[in-house]
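Opening the notebook for a quick look at how the pieces of this one pack together.

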Amino acid sequence: MPSIEEYIPIVGKELVDELFLLGESMKGKAFQNINSTSVGGGVAEILSRMVPLLREIGVNARWDVIKGDEKFFAITKNIHNALHGASIKLTDEDIEHFLEVSKTNASELDLSSDYVLVHDPQPVALIDKRNHERSYWVWRGHVDFSDPYLPVWNFLARFVNKYDAAVFSAPSFARQLNIKQVLIPPSIDPLSDKNKELSEETIREVFQRFGIDPSRPIITQISRFDYLKDPVGVIQTYKMVKRYIDLQLVLAGGGATDDPDGLKTMVEVQEAAAGDKDIFVLFLPPASDIVINALQRGSTLILQKSLKEGFGLTVSEALWKSKPVIASAVGGIPLQIAHKHSGILTCTIEGTAYWIKRLINDPAYAQVLGSNGRKHITDNFLITRHIKDYLLVFLSLMHRNDIVYL
Amino acid sequence: MVDSSTFHFKTKIDLTVLLGIKATTLTDLLAGIKSVPDSSIYFHTHKFLLQHQFISPEPPNDFAFWVTNALNENILGERIASMELIRVKNVAELRKQLVDLIEGSLIGHTRVVDSPPGEEFHFMSSQTFVLESPYAACSLKEFCVCLNNVSTSSLFYHIFDARLRMNREENDFSEWFRRIGNQSLADAVRQIDPYAQSLESLRKNILNLMRIHAEH
């Protein structure tokens, strides 16, 4: 795991000094993160990198994962889909089971920390066990809340309103709540296996392994096989472009332990891709970070054609590698891409196909987009900024003024 | 005791606060601009400068960007974009100018245009945390060295925040140059329009002015 000092050449010494200063202001306090999975998905990925760095800057940080049975995760998957707008009703039995599992977790976890950051809906009900006397609790929603199915959101809001603050990844996710709401986009770690520099040889070897031809254009979407990422729509887009340009499509991703729908989508994708040797559907096992890194670096363009998106960290990953990105204008993606400046935002299959052709035919413009994108990610979406924001949100609960002199 | 001949460079970190107020039409935007706190007006007219440093010098503020891109109100967008923020003395004045421009545009406006779904304007504000930086200068020579090294956030704080967020008479650099007796340099730096350039250009321009004034 890289040390905090190794980030200085990337983000500058001053930013790292600021982190130490903020860490100092939280000295002697315990900072606990709680989520529902230790592997797979963006939350687990960022926490695994962030917690050691927090400790290095002097924060007594820990990370706990709640437990749940298959039924619990099926219910929370329904909650996840409902927050993305699907009309899914929670039955009384679902609610009872959800609360029962929360109660069991609350009794098994040590919740005595001074600062508690609870991630996503699965552990939201732990708030009922807070010690009001001496702790600050913040709830962090990572998913797209722009148009939630209201009965399910109202159920969750009962708990969220008991926190001191709520954190969302994009401005459009803000809700009518009685508590402070803060914008904190997620981040990527530039030194992780998924984002670090790779040798040309490593990249070549990965493409060879999958039989992908590096001499022809390659468009790639990296994401979980989830209908919200619209992998079938990506295949339709590819087929529209294929009439004019001899390109290849790579759809690569894995699944998280709390995602029971992944395999179903995977089957639909395989059916849509059947019979085309230039479509590469790669279901990657956990710990494939170097492979993903290489696929992104070796591709001509990166797509992220999601229907809904919590944030879309794969966009930041690709831009960090100076790759031109075409992505849907959903969730947190417009925060990462200023249209026609640091990438391309589209809404339709036809628009995406048009821009694929345009960027493949105009590599100089594509390069400018990638280069601007890298600068934007360096300034706004790296893990060091994210750590800073998490510390600030707790400091903001202790200092209520608009301007705070630390 | 604070030594008034020493310039202590500060830096700042902002936490973005979501106000939960959104606009889909020009009328909604006007209502929001009239009601949100000063920190929100400041946030929407300044954060683009710090966050999108590679897009220079436009788009300069969120209101102009939204009015142009979400509502296709190009004339009003251009007017908001070209407001001379350097001449504005405080946020109340800035708010009034915005209100006047939008109200003027709404006169005789019979057509109500809604922003496309997903492109609503979301009002935000920021909570600013001010920190000491390791840089301090007792002379113009030392000031140059520091200015070459401080972060863009520090530069932003002393030039933009000092005037409109901290309600000081002028930017911190001019104030210090004046305090140590260098009136002409203070005036020259005060004359720069920081809104019409990127932060790195601003840094270079101030350093350049310091060099010119040192030679005379």
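I looked up how helix α4 (residues 74-81) of chain B sits against helix α5 (residues 91-106) of chain B, and got a packing angle of about 165 degrees with the axes 11 Å apart. This is a predicted model, so I'm keeping that in mind throughout.

An angle over 145 degrees counts as roughly antiparallel, so I can write α4(B) and α5(B) down as roughly antiparallel to each other. I also checked the handedness: α4(B) passes α5(B) in a right-handed crossing.

Which residues make the contact? From α4(B) I noted L76(B), R79(B) and I80(B). On the α5(B) side I have L98(B), L101(B), I102(B) and S105(B). Sorted by type, the residues of this contact come out as five nonpolar, one polar and one charged.

Next I turned to the domains. Chain B is split into domain 1 (13-125) and domain 2 (134-215). I took the centres over C-alpha atoms, and domain 1 of chain B and domain 2 of chain B are 27 Å apart by that count.

How many residues touch across the two? I get 12 residues of domain 1 of chain B in contact with 13 residues of domain 2 of chain B. On the domain 1 side of chain B, helix α2 (residues 38-51) of chain B gives the most, with four residues. I sorted that side of domain 1 of chain B by type too: eight nonpolar, four polar and no charged.

Key: Residues are numbered from 1 along each chain as its sequence is written. Chains are lettered from A and ligands numbered from 1 in the order in which they are written. This is a predicted model: local features need pLDDT of at least 70, side-chain atom pairs count only at pLDDT 80 or more; totals for chains, interfaces and linings use all residues. Axes are lines fitted to C-alpha atoms, for helices over the stretch in contact, and angles run from 0 to 180 degrees between N-to-C directions. Helices (H or I, at least four residues) and strands (E, at least two) are DSSP runs, numbered from the N terminus. Angles under 35 degrees count as roughly parallel, over 145 as roughly antiparallel, 65 to 115 as roughly perpendicular and the rest as oblique. A crossing is left-handed if the near helix is turned anticlockwise from the far one by less than a right angle, and right-handed if clockwise. Two residues are in contact if their C-beta atoms, placed from the backbone, lie within 7 Å. Ala, Val, Leu, Ile, Met, Phe, Trp, Tyr, Cys and Pro count as nonpolar, Asp, Glu, Lys and Arg as charged, and the others, Gly among them, as polar. Domain bounds come from an automatic or database domain assignment.
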